[in-house]
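This briefing is meant to be read with the coordinates open alongside it. It begins with the chain as a whole and then moves to particular regions.

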Amino acid sequence: MEPKSPRGAARSELPLFAEDTSADVVGASFGIETSPRLREILTSLVVHLHDFAKDVRLTVEEWDAGIEFLTATGRKCTPVRQEFILLSDVLGLSMLVETVNNRGVRESTEQTVLGPFHVVESPTRQLGDNIDAVGRGRPCLVTGSVRDIDGRAVAGASVDVWQADADGFYDVQKPEEIPAQNLRGLFSTDDHGRFWFRTIVPRYYPIPEDGPVGDLLRATGRHPNRPAHIHFIVSATGFASVTTHIFDRTDPYLQSDAVFGVKESLVRDFELIDDSERAVEVDLPNPFYEVRFDCVLRPHGKDDVQALP
């Protein structure tokens, strides 16, 4: 009995590698075991990579520097820091993927980037709780609701929130100074689809710039700042979840977000409230700030997303 050919054995019908046929040669090497979707993705990736290398006439030294950059990016990753997500963010890829995957979505809340700091499980909290354990910053009341695209309240929806502190840091960035799970919370909407909690007004902050991504920003003359925002992931049974932020309209970096995450529909006014009776009612010092975020979810499987070409 003749021995079976090993998987991935050379195919005699493949042309030899040459500059003008390089992508075709690599694409033809993918075996019959390759799933159709994986074949589609890899074939396109190879074509674009090879076209890029030819277009810029990539040198061996530049290729080597690129490999070193990606290696350093991987080494910077930890259980609480994802440098590759950060790289994707500053190149606009994260926002592009979000935009492509929500192409044609009507009426539901717009999505934006997850960001690199949703890396720990948010603590379950009760409606009205204060997610700020430090007590420093401008006190703020966040109110809102979750509804479907027909305006019906979504009771029991999960509202996961997280934000930076008054100095622009997340708890995982300074674990020796900031209490764990500070400015994070997991809430459930009431029977009328409402939620509310106490926090502080967010502040703009720089994305981590002590790694390869920071080197890239400096090399291209870009600042690392993100405009002030509060993150949300809103989900409910039977609905497509929404990953998004709300942004402070007065922030100086609103037009130049380092990760391109701002959308006009997500910009909000943080209104100063000077009302002692209202302050007592919501258990905040007077004056305080208030902002509202109403989230609209679309049902799973609803045919309101255009098919990809």
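The points below are grouped by topic, and the model they describe is a predicted one. The protein chain has 309 residues, of which 41% count as buried, and it contains seven helices and 11 strands.

**The chain as a whole**

- Along its principal axes, the C-alpha trace of the protein chain spans about 85 × 45 × 40 Å.
- The accessible surface of the protein chain comes to about 17400 Å², and carbon and sulfur atoms account for 54% of that area.
- Among the contacts in the protein chain with a separation of 6 or more, 70% are between residues 24 or more positions apart.

- Four strands form an open sheet in the order 4-1-11-10, and the pairing within it is mixed.
- The edges of this sheet are strand 4 (194-200) and strand 10 (271-273), each of which pairs on one side only, and the twist averages 30 degrees from one strand to the next.
- Strand 1 (residues 139-148) and strand 11 (residues 288-297) run parallel and are joined by nine bridges; for Cys140, the bridge partner in strand 11 is Tyr289.
- In the loop between helix 7 (276-282) and strand 11 lies Pro287, and the peptide bond leading from Asn286 to Pro287 is cis, with omega near -5 degrees.

**Strand 7 and its partners**

- Six of the seven residues of strand 7 (residues 229-235) are buried, so this strand is largely enclosed by the rest of the structure.
- Strand 7 pairs with strand 2 in the antiparallel sense through five bridges, and in this pairing Val159 stands opposite Val234 of strand 7.
- Strand 7 also pairs with strand 8 (residues 242-248), again antiparallel, over six bridges, with Ile230 standing opposite Ile246 of strand 8.
- Strand 7 and strand 8 form a hairpin with six residues between them, and Gly238 in the turn has a positive phi of about 90 degrees.

**The nonpolar surface patch**

- Leu45, Leu49, Phe52, Val56, Leu58, Val60, Trp63 and Ile67 make a nonpolar surface patch of about 740 Å².
- Helix 2 (36-56) and helix 3 (60-76) each supply at least two residues of this patch, and helix 2 gives the most, with four residues.
- One of the patch residues, Leu49, is placed in helix 2; Leu49 counts as partly exposed because its relative accessibility is 45%, which falls between the 20% limit for buried and the 50% limit for exposed.

**Two non-glycine residues with positive phi**

- Arg57, in the loop between helix 2 and helix 3, has a phi near 55 degrees, which is a positive value in a residue other than glycine.
- Leu183, in the loop between strand 2 (158-162) and strand 3 (184-188), likewise has a positive phi, near 60 degrees, although Leu183 is not a glycine.

How values were computed: Residues numbered from 1 in each chain as written. Predicted model: local features only at pLDDT ≥ 70, side-chain atom pairs only at ≥ 80, totals over all residues. Heavy atoms only, no water. Pairing = 2+ DSSP bridges. Axes fitted to C-alpha atoms, helices over the stretch in contact; angles between N-to-C directions. Patch = residues over 30% accessible without salt bridge, like charges linked within 9 Å, V, L, I, M, F, W, Y side chains within 5 Å. Areas by Shrake-Rupley, 256 points an atom, 1.4 Å probe, with all protein chains shown as cover. Salt bridge = Lys/Arg side-chain N within 4 Å of Asp/Glu carboxyl O. Buried < 20%, exposed > 50% of the residue type's maximum accessible area, 1.4 Å probe, protein only. Contact = heavy atoms within 4.5 Å.
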